[in-house]
Amino acid sequence: VTNNTYAALEYSFPSDWSPNDGARPSIPTPSGGVSAPTQTRITSRSYVLLSDLTASFFRPCAIDIKMGRQSFEPGATDTKRDRERAKYPQQDEMGFRIVGMRIYAPVHPEADRSGYVRFGKHFGRSLATRKSVKGALSGFFRQSADGDPSSSALRTRVISSVLQQLRLFQRWFEDNRSLAFYSSSLFLVYEGDGTQGDVVNLKMIDFGHVHGFARDLPCRLAIG
């Protein structure tokens with residue numbers, strides 16, 4: 001984060017999110033927010049360093065999902081609106097966008113030296129239909145103990161844990177009347193080594209575009 005305003009929001013938001021806002025969704029803890037130990041103010045050279053959400057996993061499979069039907073804030077210029085919409089026109093219909101994901105599959109022909117298959121932003125933007133989006137999500141959760149995609153099966157216990165955690169987020173957003181989120185993401189990690197159990201970590205990230213919301217209206221994820 002290099003913009004001063006967004007840097008300040010990213011760094012202060014976790015601590016400023018008051019418990020009075022309800023049982024807030026799980027978010028990562030900032031590990032640092034300055035570019036030098038002695039720096040005490042946000043500048044154009046500041047950055048935000050968050051805790052590594054994959055550190056406790058042996059073979060972390062991870063996915064970044066941009067939430068909401070739009071990723072631009074109120075008051076955005078027409079140029080900004082057009083640019084954001086052009087990234088993934090289907091986001092208004094889908095309500096989210098897959099930004100990227102990484103799956104542990106060491107015998108996959110496209111796996112890197114560490115055994116991971118990586119899908120970047122262009123992959124997410126190429127998912128033009130509901131069927132293709134479902135296929136991508138199915139592929140993310142379809143992972144075998146030895147990483148062989150031909151013998152893989154849906155990690156149903158992982159999916160059940162994810163759904164349970166997502167319901168907590170859903171309840172919070174249905175009840176909260178304080179904040180509006182634009183361009184925030186869900187970052188999901190699960191254990192790709194089937195012998196290590198079905199550990200799941202789901203966090204909300206990216207708070208540089210959070211706005212206060214009218215107190216008499218429910219909080220929404222930029223759904224228009």
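The following legends describe close-up views of a predicted protein model.

Local features are described at pLDDT of at least 70 and side-chain atom pairs at pLDDT 80 or more, whereas totals for chains, interfaces and linings use all residues. Residues are numbered from 1 along each chain as its sequence is written, and side-chain values use heavy atoms, with hydrogens and water left out.

**Figure 1. Overview of the predicted protein.** The protein contains six helices and nine strands; these are DSSP runs numbered from the N terminus, with helices being H or I of at least four residues and strands being E of at least two. Of its 224 residues, 42% count as buried. Buried means under 20% relative accessible area, exposed means over 50%, and partly exposed lies in between, with a 1.4 Å probe and protein chains only. The protein exposes about 12300 Å², of which carbon and sulfur atoms supply 51%; these areas come from the Shrake-Rupley method with a 1.4 Å probe. Among contacts with a separation of 6 or more, 66% are between residues 24 or more positions apart, a contact being heavy atoms within 4.5 Å.

**Figure 2. The open sheet of five strands.** The strand order is β5-β4-β3-β7-β8, with antiparallel pairing. Two strands pair if DSSP finds at least two bridges between them. At the edges stand β5 (116–119) and β8 (200–205), each of which pairs on one side only. On average, neighbouring strands of this sheet are turned by 15 degrees against each other, direction ignored. In general, strands of a sheet pair through backbone hydrogen bonds, either parallel or antiparallel.

**Figure 3. Strand β3 and its two partners.** Strand β3 (residues 60–67) is joined to the antiparallel strand β7 (residues 185–191) by seven bridges. With β4, strand β3 pairs in the antiparallel sense over six bridges. Lysine 66 has a bridge partner in each of these strands: serine 185 in β7 and arginine 97 in β4. Aspartate 64 stands opposite phenylalanine 187 in β7. Strand β3 is largely enclosed by the rest of the structure, because eight of its eight residues are buried. Both of its faces are covered, with Pro60, Ala62, Asp64 and Lys66 buried on one side and Cys61, Ile63, Ile65 and Met67 buried on the other.

Figure 4. Helix α5 (residues 130–141) lies across β3, β4 (96–104) and β7, and runs at about 30 degrees to β4. Such angles, on a scale from 0 to 180 degrees, are taken between the N-to-C directions of axes fitted to C-alpha atoms, for helices over the stretch in contact. The largest nonpolar core has 31 residues, and those with the most contacts inside it are Ile63, Phe140, Phe141, Phe181, Leu188, Tyr190 and Met204. At least two residues of this core come from each of β3, β4, α5, α6 (156–175), β6 (179–181), β7 and β8. Helix α6 gives the most, with five residues. A second, separate core of six residues includes Ala62, Phe187, Val189 and Ile205. A nonpolar core is a set of buried Ala, Val, Leu, Ile, Met, Phe, Trp, Tyr and Cys residues joined through side-chain atoms within 4.5 Å.

**Figure 5. Surroundings of leucine 188 and valine 162.** Not counting residues up to four places away in sequence, leucine 188 touches Cys61, Ala62, Ile63, Phe140, Phe141, Val162, Val200, Asn201 and Leu202. Valine 162 is placed in helix α6 and counts as buried because its relative accessibility is 7%. Leaving aside neighbours within four places in sequence, valine 162 is in contact with Phe141, Leu188, Val200 and Leu202. Valine 162 and valine 189, 27 residues apart along the chain, have their C-alpha atoms separated by 9.6 Å.

**Figure 6. Aromatic pairs.** A search of the whole structure finds six aromatic pairs. Rings of Phe, Tyr and Trp (its six-membered ring) pair if their centres lie within 6.5 Å; planes under 30 degrees apart count as stacked, over 60 as edge-to-face and the rest as tilted. The pair of phenylalanine 140 and tyrosine 190 is edge-to-face because the ring centres are 5.2 Å apart and the planes stand at 80 degrees. This pair links distant parts of the chain, with phenylalanine 140 in helix α5 and tyrosine 190 in strand β7, 50 residues apart. Phenylalanine 140 is buried, at 0% relative accessibility, and tyrosine 190 is buried at 0%. Tryptophan 172 and phenylalanine 173 form an edge-to-face pair, 4.8 Å centre to centre with 90 degrees between the planes. Phe140, Phe141 and Tyr190 form one aromatic cluster.
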